[in-house]
Amino acid sequence: MKTLLTGSEGLVGSTIDAQVRVCGRKPPLPGYKEYGRRWVDLRIPKDTLSLFHETKPTHVIHCAARVGGLAANINHMGEFFYDNMMINLNVLEAARRAKVKKVVSFMSTCIFPDDVEYPITEDKLHLGEPHPSNYGYSYAKRMVEVQSRAYNEQYGISVSGSDVTFNTNYITVAPTNIYGPKDNFELENSHVLPALIHKCYLAKKHNTPFVVWGSGKPLREFIYSEDVGELTQILLEEYGESSPVILSTSEEHSIRDIVIAIADAVDFQGHIIYDDTKPDGQYRKPTCNDKLMSIVPGYKFTPLEEGIQKTVDWFIENYENCRK
């Protein structure tokens, strides 16, 4: 097995081992492994094709994406759609041409319909419109499942007698909110948990209130990045079906719970303000992880408080050089 990993310097990619590591961000942050790293703009078809033909992978873990939090999605809807569509189209087509046996592509639970019966399960992916706050990103990420399914149908499955063989097995995973070390901690363009960590850190440093967007009431599910990396490698090696898998703990936490856990981890003793003039986004989107747990029964997820403490400790230790 020779694995090519896209988005190798990102939150999930940094937890996964692979022979060929691909990212599109320069310059690299200090401390990352140099071995196997390539800098490729996956939005460009010819560059993506060249990468696959030169490296000849047999398996691919596709984490690369343009991602961001609520504000970034609202303000850059078209860019998020275009960039993610181009990245996904190019990677899967290059994988097909290079005769890659298996691809695991990342989606996100924000791609599921806004108006859907809870809990969210894999079979509800295309039953309605995603939330309007991030529909550009959501539709682009939905399409990687459509492309994977279409490629499996046309190119991937051969039938001989009663035997079914996957010549190419392109699958998708949909993690809930991932967090952990090496995240993007930008105040305006990152996801909710890393943005809150950065805000809390600055509030403590400058002795100012810790201001949180929205009411703090919305509920979210979070999963630690190292858990996602471990689960992805298990699915790459052991999962034989082609239908999507939700990566989730199925435990909901309010934004207020997250804020309190972050304040404790940072040791912030100041005033916390919830600015309810700012949007909350989707109120809740609980998932069912029954399918995942049938594949990895008894898997022990990193507890939220432990994961937040590890993330805060890494952020403070690497403050000068991390993405912020």
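**Entry 1: ground rules**

Helices (H or I, at least four residues) and strands (E, at least two) are DSSP runs, numbered from the N terminus. I'm working on a predicted model, where local features need pLDDT of at least 70, side-chain atom pairs count only at pLDDT 80 or more, and totals for chains, interfaces and linings use all residues. Residues are numbered from 1 along each chain as its sequence is written, and side-chain values use heavy atoms, with hydrogens and water left out.

I went looking for a cis peptide bond and found one from Tyr118 to Pro119, with omega near 5 degrees. Pro119 is in the loop between strand S5 (102-106) and H4.

Next I looked up positive phi. Lys99 is a residue other than glycine, yet its phi is near 60 degrees. Lys99 belongs to the loop between H3 and S5 and counts as exposed at 66% relative accessibility. My cut-offs here: buried is under 20% relative accessible area, exposed over 50%, partly exposed in between (1.4 Å probe, protein chains only).

Lys182 also has a positive phi, near 70 degrees. I place Lys182 in the loop between S9 and H5, and its 26% relative accessibility makes it partly exposed. Then there's Lys56, which follows H1 and has a positive phi near 50 degrees.

**Entry 2: helix H1**

Which residues of H1 are buried? I get Thr48, Leu49, Leu51, Phe52 and Thr55. They cover an arc of only 155 degrees around the axis, so they sit on the same side of H1. (The arc is that of the directions from the helix axis to the C-beta atoms.) Lys46 and Glu54 are exposed, on the face of H1 turned away from its buried side.

The cover over the buried residues of H1 includes strand S1 (3-6), S2, strand S3 (37-39), strand S4 (59-62) and H3. I count a contact when heavy atoms are within 4.5 Å.

**Entry 3: nonpolar cores**

The largest has 33 residues, and Leu42, Phe52 and Val100 have the most contacts inside it. Strand S2 (20-23), helix H1 (45-55), helix H3 (77-97), helix H4 (135-156) and strand S8 (169-175) each supply at least two residues of this core. H3 gives the most, with 6 residues.

I listed what Val100 touches, not counting residues up to four places away in sequence; among them are Phe52, Pro57, Val60, Ala95 and Tyr170. A second, separate core has 30 residues, including Ile262, Trp314, Tyr319 and Cys322.

**Entry 4: helix H9**

I checked the length first. At 1.5 Å a residue, the 14 residues of helix H9 (residues 304-317) should span 20 Å, and the end C-alpha atoms are 20 Å apart, which agrees. The expected span is 1.5 Å times one less than the number of residues.

The buried residues of H9 are Leu304, Gly307, Ile308, Thr311, Val312, Trp314 and Phe315. Down the axis of H9 they fall within an arc of 165 degrees, so they line one face of the helix. Glu305 and Glu317 are exposed, on the face turned away from the buried side of H9. Strand S9 (177-179), helix H5 (192-206), strand S11 (219-224), strand S13 (252-254) and helix H7 (255-266) are included in what covers the buried residues of H9.

**Entry 5: rings**

How many aromatic pairs does a search of the whole structure find? It finds 12. Rings of Phe, Tyr and Trp (its six-membered ring) pair if their centres lie within 6.5 Å; planes under 30 degrees apart are stacked, over 60 edge-to-face, the rest tilted.

Tyr179 and Tyr224 make a tilted pair, 5.5 Å centre to centre with 55 degrees between the planes. Tyr179 is in strand S9 and Tyr224 in strand S11, 45 residues apart. Tyr179 is buried at 1% relative accessibility, and Tyr224 is buried with a relative accessible area of 2%.

Phe185 and Phe315 are tilted too: 4.6 Å centre to centre, 35 degrees between the planes. Phe185 lies in the loop between S9 and H5 and Phe315 in helix H9, so this pair ties together parts 130 residues apart in sequence.

Ring pairs link Phe185, Tyr201, Trp314, Phe315 and Tyr319 into a cluster. I followed up Tyr201, in helix H5: it is buried at a relative accessible area of 17%.

How values were computed:
Core = buried A, V, L, I, M, F, W, Y, C linked by side-chain atoms within 4.5 Å.
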